[in-house]
Structure formats: C-alpha cells, structure tokens
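Please keep the sequence and the model in view while reading.

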Amino acid sequence: MSNHPETVHRLIQITDPHIGGRPDYQLLGLDTGHTLDEVLSVLEGGAVPPEVMVVTGDVSANSSEAAYRRFLHKMQRVASPWYWIPGNHDNPQRMDQLAPQRRPEVVELGNWRLLLLDTSVPGQICGGFSAEELARIKQLITSHSDAHLLLMMHHQPVPVGSHWIDGHMLREGCDAFIELVRSAPNVRAITWGHVHQQYDNQLGSVGLHATPSTSVQFTPGSGPFAVDDQMPGYRWFDLHQDGSYETGVERVAIAEYSVDLASSGY
C-alpha cells in the first residue's frame, strides 16, 4: 500500500463576468466589475488554492478593448495560472492580441487535460463548431487518449431547461459533437457558461455542468427571459488521478447587490 497521498487537482471555473469598458458600467442595474471583484476576493481567501482558473466566455459586455483591459487589470490579483475562452459577447482576435498566452487549446493538470473549446460564431448569439473545428476536437481527443479529459466551452451542448436561453445554445455541429463525446471513453465531463445558472446532469458516463455567472443570474426553468435573485458564484472541480472528480458551485454573498429583477431582456 502506497504511503504517498493522492494528488488532487483543484480547478476553478468562473464565467460570464460581462465587464464593461467604463468603471460605472452596469448590466441590468448590476455593477459587474464589483461582483467580479467580490468573487475573486472569496477565491483569494479560499482554504484550497486552485492550480488553474478558467474563464468560460462573455468576459466583456461589448468586446471593447477597454473592457478587456479592465478585466485583465482585475485579474492581476489571481495567483494561479488562468486562461480564458470567448463567448458570444467576445472578440477572440482582440482577446488574443491583448493576452496572447491566455487561450491555449490544451491545459495540463497531472494526468488530466483541459480542452478549451471556442464555440463562438461571429455575429451570432448561438454557438457552433464547423466541420474543421470538429475535426480538430477529434484530433485533440485522440492525441490525448491516455489522459482524462474535461471539455470547457461557453455554449451549452444540451438544453438546460430554460426555453429562451436554450434557443441560443450550440447549434452548428452540435449533434456531431455529442456523438464525438459519446464515442470518446476518456472524456469525463463537459462544463460551460452562457446560461447564467447552475446545471448538473449526465450524458451516459460524461458529466454535464453549467456554472453561474459572476454577474447577473438567469432563472432556471424559465420560459421567457427571467432574472433570478440568486447571488453570483463560481464552480470548483477536484480532479483525481483515476479519472473521477467532484464538483460544486459556491455562491458569493454580495453586500451591495442591485439587479433589475423585472427586466425582460438585455
């Protein structure tokens, strides 16, 4: 019996901060810069420091350079390596210009690999994978066949039960992507943002997870657009050497939290 303790890799996912270019920017009456600061403060004081943090899209409110610079300034306090992927509100080229090392295809965590997938489609709210992108994902999965894989993306590949946001999920290439995941024995889980709410389910043996926003929350199970009164949050993963994992969502109590719960859209 080994006397060496198992190495468990702690990963943090934050998503959909919707940072504006100006300090007074608000989304539905909410100061998104303030809520991101509060989430980062809680993470900073956490008992288990993360090895890696990944931001799964909608970093900015309007893809402006000023918004990304403001976000990057806020992230200077993060001690762990961190990476970002684009969402439908983002400009991938601008993100790469401002932070060239923040968007790798693959991040290594022991015998786990995080595949950072870009689901953004220029000019579209919904997401998609072209045939070329699907071929590349298949190649990445195959080339890391000896590792446990966690796929991280912005758009949901399955409906989460909120009718209006499920109208803006992964569209092009979605069925092919799901089949690719089903046929890959080393894919352990998929996690995403976009839906601004917690979701946990299974696709066969593959875990499916959505993470609350660090800003505004959307109401689970809603038909039309609806804002929830839940607090912002983040998701943690503890990744084990045998391919198993635990995950959970932590909410962050914001002292000054004001959001327009009656809003019908943004």
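## The mixed sheet

Six strands form an open sheet with mixed pairing, in the order β4-β5-β7-β9-β11-β10, where strands and helices are DSSP runs numbered from the N terminus (E, at least two residues, for strands; H or I, at least four residues, for helices), and two strands pair if DSSP finds at least two bridges between them. The edges are taken by β4 (106-109) and β10, each with a single partner strand, so one side of each is left without a neighbour in the sheet. On average, and with direction ignored, neighbouring strands of this sheet are turned by 20° against each other; such angles are taken between axes, which are lines fitted to C-alpha atoms (for helices over the stretch in contact), and run from 0 to 180 degrees between N-to-C directions.

## Basis of the values

This is a predicted model, in which local features need pLDDT of at least 70 and side-chain atom pairs count only at pLDDT 80 or more, while totals for chains, interfaces and linings use all residues. Residues are numbered from 1 along each chain as its sequence is written, and side-chain values use heavy atoms, with hydrogens and water left out.

Strand β1 (9-14) is largely enclosed by the rest of the structure, because six of its six residues are buried, where buried means under 20% relative accessible area, exposed over 50% and partly exposed in between (1.4 Å probe, protein chains only). Both of its faces are covered, with His-9, Leu-11 and Gln-13 buried on one side and Arg-10, Ile-12 and Ile-14 buried on the other. In a regular strand the side chains alternate between the two faces of the sheet. With β2, β1 pairs in the parallel sense over four bridges, and Ile-12 stands opposite Met-53 in β2. With strand β12 (residues 233-239), β1 pairs in the antiparallel sense over five bridges; here Leu-11 stands opposite Phe-237, and His-9 has Leu-239 as its bridge partner.

Strand β12 is likewise largely enclosed by the rest of the structure, since seven of its seven residues are buried. Gly-233, Arg-235, Phe-237 and Leu-239 point one way from β12, whereas Tyr-234, Trp-236 and Asp-238 point the other way. Seven bridges join β12 to the antiparallel strand β13 (residues 245-251), and Arg-235 has Val-249 in β13 as its bridge partner. The hairpin of these two strands has five residues between them, and there Gly-243 takes a positive phi near 95°.

## Helix packing

Helix α2 (residues 65-74) has Ala-67, Tyr-68, Arg-70, Phe-71, Leu-72 and Lys-74 as its buried residues. These pack against α1 (32-44), β2 (52-56), β3 (82-85) and α3 (92-98), contact meaning heavy atoms within 4.5 Å.

Helix α4 (residues 131-143) and helix α6 (residues 174-182) pack at an angle of about 10°, with their axes 11 Å apart. That makes α4 roughly parallel to α6, since angles under 35 degrees count as roughly parallel, over 145 as roughly antiparallel, 65 to 115 as roughly perpendicular and the rest as oblique. The contact is made by Leu-134, Ile-137, Lys-138 and Ile-141 of α4 together with Ala-176, Phe-177 and Leu-180 of α6. These residues divide into six nonpolar, no polar and one charged, where Ala, Val, Leu, Ile, Met, Phe, Trp, Tyr, Cys and Pro count as nonpolar, Asp, Glu, Lys and Arg as charged, and the others, Gly among them, as polar.

Asp-16, in the loop between β1 and α1, has a phi near 50°, a positive value in a residue other than glycine, and is buried at a relative accessible area of 0%. His-194, in the loop between β9 (187-192) and β10 (199-203), also has a positive phi, of about 70°, although it is not a glycine, and is buried at 4%.

Thr-56 of strand β2 is buried at 0% relative accessibility. Not counting residues up to four places away in sequence, Thr-56 touches residues including Gln-13, Asp-16, Ile-85, His-154 and Trp-192.

## Cysteines

The structure holds zero disulfides, a disulfide being a pair of cysteine sulfur atoms within 2.5 Å. The sulfur of Cys-126 lies 11 Å from the closest cysteine sulfur, in Cys-174, which is too far for a bond. Cys-126 is buried at a relative accessible area of 10%, and Cys-174 is buried at 8%.
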